[in-house]
Amino acid sequence: MKHKLVHKTVALLLALLLVLSGCGSADRPEEQQGPAFPESQKPQTGGEEESDAQETPSRVAVNERFTLRISGDDGFNPLTCKSVYNESVMSLIYESLFFLDASLEPRPLLCDTCTTEDGITYTLTLIDAKMHDGSDLKPVDGVYSINQARMGSKYSARLANIQECYDNGFGGIVIVLKNQDYSLPALLDIPIICAGSMLEDYPAGTGPYVLKKSGRSLVLRSFSSYRSYEAIPLSIIYLTEIEDDEVEQSFSNQNLDLLWYDPAGTVNLNMYGEYETRRYDTSILQYIGFNYTNTALNDIRVRRAISYAVDRESIVEETYGGMARAAYSIFNSGWYLYDDSWEMEEDGSLAAMAAQLAEAGLQDFNHDGYLEYPVGTSYFEENLRFLVYKGSEKKVETATAIAETLGRVGLRVTVRALDWEEYLYTLQDGNYDLYYGEAALTHNLDLSPLLSPGGSLRYGGTGGADYEKLITAAAEAPDDQTRLVYLGGISAKVSEELPLIPILYRQYVVYTHRGEVNGLRPSVTGLFQSVTEWSIHLK
C-alpha cells in the first residue's frame with residue numbers, strides 16, 4: 001500500500017507503541033544545524049500565519065507605486081542569496097515543491113503527488129506550470145534544484161539525509177534517503193529554478209513575477225504565463241535599496257509599502273503612524289544549555305530551580321514586545337502537531353526555587369549570602385558562569401534577568417557576554433556552566449543536533465542515545481497519529497530531565513500600512529505565498 005504524504009494503519013501504530021516501550025522513553029539568515037545560536041542568519045519566510053491585522057477600508061496611498069526593500073549587492077539566486085530582504089522578494093519569483101503554512105504544516109505547491117512505500121524512496125510528480133524562460137516545468141528542473149541545494153551551504157543541513165535525487169524518465173522525481181523519514185515534505189520548501197541556470201544572475205523560476213531591469217533599477221513584472229495570472233494583484237512592483245537608519249522614515253512616508261522585521265535582530269524599530277502587524281512562526285529555538293562537568297548541574301533539582309527562574313511570559317511580552325512564542329515544551333506551540341498536554345508545569349516562586357536547591361544540598365555554609373555545594377566534608381563555592389552572545393541585546397537582557405532571579409535565592413550566577421568568535425570558542429572549550437543558545441532547527445523540528453549523540457549543537461553532554469531512539473522513531477512514523485506518540489515521548493523526557501531549558505521560539509514580523517494589503521499570510525516559506533489572494537488598495 002502506498003502512502004500519499006502520510007497515511008495510517010492501526011496495526012503499525014500498535015507495533016510502534018511496543019517499540020516505544022522498549023526504547024527507554026521518558027534548525028543567520030542561513031538555516032543551520034551547526035553552531036548557529038546567536039543570530040540565526042536566515043530569514044525564514046513564507047505561507048500563512050496568525051495576524052494582528054484587521055481587514056479595514058482601503059486608504060489612499062501617497063503614490064501609485066507598491067514598493068519593496070532589497071539589497072542590490074546580494075544577488076537574486078534563491079539557492080545562495082542570504083539577504084533577508086532579497087529572500088522576501090524572491091518568494092514572488094520562485095516557488096517550491098511544498099510550502100509551509102502558518103502552522104509549519106507542509107502543503108503541495110509545485111508538487112502534484114508524493115508517494116512512498118517505505119519512507120526511504122519517494123516519487124514526486126509535478127503540476128503543469130511554466131518557467132519564466134517559456135519552457136514547461138519538468139522533473140529535471142526539480143532534480144537540478146534539489147541537487148544544487150544539497151551542494152550549497154544554505155540548504156545542505158536540511159537535505160543531508162538525501163542519498164540521491166534523479167529524474168526517473170517517466171515524468172517523476174525520485175528522492176532516495178539514507179535513513180527512513182516520513183517528514184521529508186516539510187524539508188522541500190526550497191526554490192525551484194530552471195535546470196542549468198545556477199550561474200545566471202536571475203535564474204528562471206515559476207513564480208507570479210519576473211525580475212526585470214528598468215533603467216538602472218530592478219522591478220518585478222507580472223508573469224503572463226503564470227497559471228493564475230488573472231489573480232495577480234499588481235502588474236509591476238518597484239524595488240528600492242534603503243539603509244537601516246532610513247527604514248522607519250521611508251515606511252512612515254509610504255515610500256516603502258511592506259517591511260519585514262526580525263524582533264530578535266540588531267535593528268530596533270520604533271514604528272509610528274497607522275500600520276498593521278502580522279507575525280509568523282519559525283523553527284528557531286532559544287534555550288539554556290548546561291555543562292555537565294559541573295557536579296551541581298548534574299542534579300535535576302538544580303536544573304529545575306534554574307528552569308523556574310525563566311519567566312517566559314515576561315521575556316516574550318517585555319523583552320520581545322510580544323513577538324515570540326513562549327516555549328513551555330521543547331516544541332513550538334504554533335506547530336500543527338503540537339499538543340497542549342506536553343507543556344511543563346512551572347512554579348516560578350522564589351520559595352519553589354529555594355526548595356529545589358535545598359533538596360539538592362546547597363546551603364550557605366560560609367554565611368556569605370550565597371549557596372555552596374557540599375563536596376564530602378567540605379563545600380564548593382558555586383558561581384555559575386552564564387555564557388551569552390553580546391551581539392544580541394535581548395539575549396543579554398534575558399540572561400541577566402534570569403541570573404538576578406537566581407541571585408535572590410542565593411545562587412550566584414555571573415553573566416559573561418562575549419562576541420561571537422569568543423562565545424563559540426568558549427562554548428567549544430567547555431569553559432562555562434550555562435549558556436544561552438539558539439538553534440535554527442529544520443522545519444520538521446528535528447532535535448537531533450541538540451539531543452542525539454554526535455549532534456552538531458550538543459554542547460556540554462546534552463541528551464544521549466535514549467533521545468536519539470525517540471527522535472528516530474518519530475521520523476520513521478508513517479502518519480501523524482503515530483508520530484505524535486513519539487513526539488510526546490520526547491517532550492515528556494525533556495520536561496522530566498531538563499537536558500536543556502526551552503525559553504522561546506522566535507517569530508518574524510511583517511508591517512504594512514493600514515488598509516493597503518488584505519489577504520497577506522506570511523510563513524517561513526515566503527512572505528508572498530498567498531499573493532494571488534491579495535487585495536491591494538493604491539490610489
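Of the 539 residues in the protein, 58% are buried, where buried means under 20% relative accessible area, exposed means over 50%, and partly exposed covers what lies in between (1.4 Å probe, protein chains only). The model is a predicted one, so local features need pLDDT of at least 70 and side-chain atom pairs count only at pLDDT 80 or more, while totals for chains, interfaces and linings use all residues. Residues are numbered from 1 along each chain as its sequence is written, and side-chain values use heavy atoms, with hydrogens and water left out.

As for the overall build, the protein has 12 helices and 22 strands. These are DSSP runs numbered from the N terminus, with helices (H or I) needing at least four residues and strands (E) at least two. The protein exposes about 21300 Å², and carbon and sulfur atoms supply 46% of that area. Accessible areas like this one come from the Shrake-Rupley method with a 1.4 Å probe, and for residues only the protein chains shown count as cover.

Next come the charged pairs. A salt bridge is counted when a side-chain nitrogen of Lys or Arg sits within 4 Å of a carboxyl oxygen of Asp or Glu. By this rule there are 20 salt bridges. One of them pairs Arg-514 with Glu-276, with 4.0 Å between the closest N and O atoms. Arg-514 lies in the loop between β20 (500-513) and β21 (517-518) and Glu-276 lies in strand β13 (residues 275-290), so this pair ties together parts that are 238 residues apart in sequence. What about cover for these two partners? Arg-514 is partly exposed at 31% relative accessible area, whereas Glu-276 is buried at 1%.

Another salt bridge joins Glu-346 to Arg-312, and here the closest N and O atoms are 3.2 Å apart. This pair links distant parts of the chain, 34 residues apart: Glu-346 is in the loop between β14 (324-326) and α7 (350-359), and Arg-312 is in helix α6 (residues 312-319).

Elsewhere, salt bridges that share partners join Asp-262, Lys-395, Glu-438 and Arg-506 into one network.

Asp-73, Asp-74, Glu-241, Glu-243, Asp-245 and Glu-246 gather on the surface in a patch of negative charge. Patches are made of residues with over 30% relative accessible area and no salt bridge, joining like charges within 9 Å and nonpolar side chains (Val, Leu, Ile, Met, Phe, Trp, Tyr) within 5 Å. The place of a charge is taken as NZ of Lys, CZ of Arg, CG of Asp or CD of Glu.

How many disulfides does the structure hold? The count is zero, taking a disulfide as a pair of cysteine sulfur atoms within 2.5 Å. In general, a disulfide is a covalent bond between the sulfur atoms of two cysteines. As for cysteines in this protein, Cys-81 is buried at 2% relative accessibility, and Cys-165 is buried at 8%.

Most residues other than glycine have a negative phi, and most peptide bonds are trans. Gln-254, however, is not a glycine and has a positive phi of about 65 degrees. Gln-254 is in the loop between α4 (247-252) and β12 (258-261), and it is buried at 18% relative accessibility. Leu-445 also has a positive phi without being a glycine, at about 55 degrees. This residue, Leu-445, is in the loop between β19 (434-440) and α10 (448-451), and it is buried at 3% relative accessibility.

Finally, Val-210 belongs to strand β9 (residues 209-214) and is buried at 14% relative accessibility. Val-210 and Arg-221 are 11 residues apart in sequence, and their C-alpha atoms are 5.3 Å apart in space.

Note on methods:
Lys, Arg positive; Asp, Glu negative; His and termini not counted.
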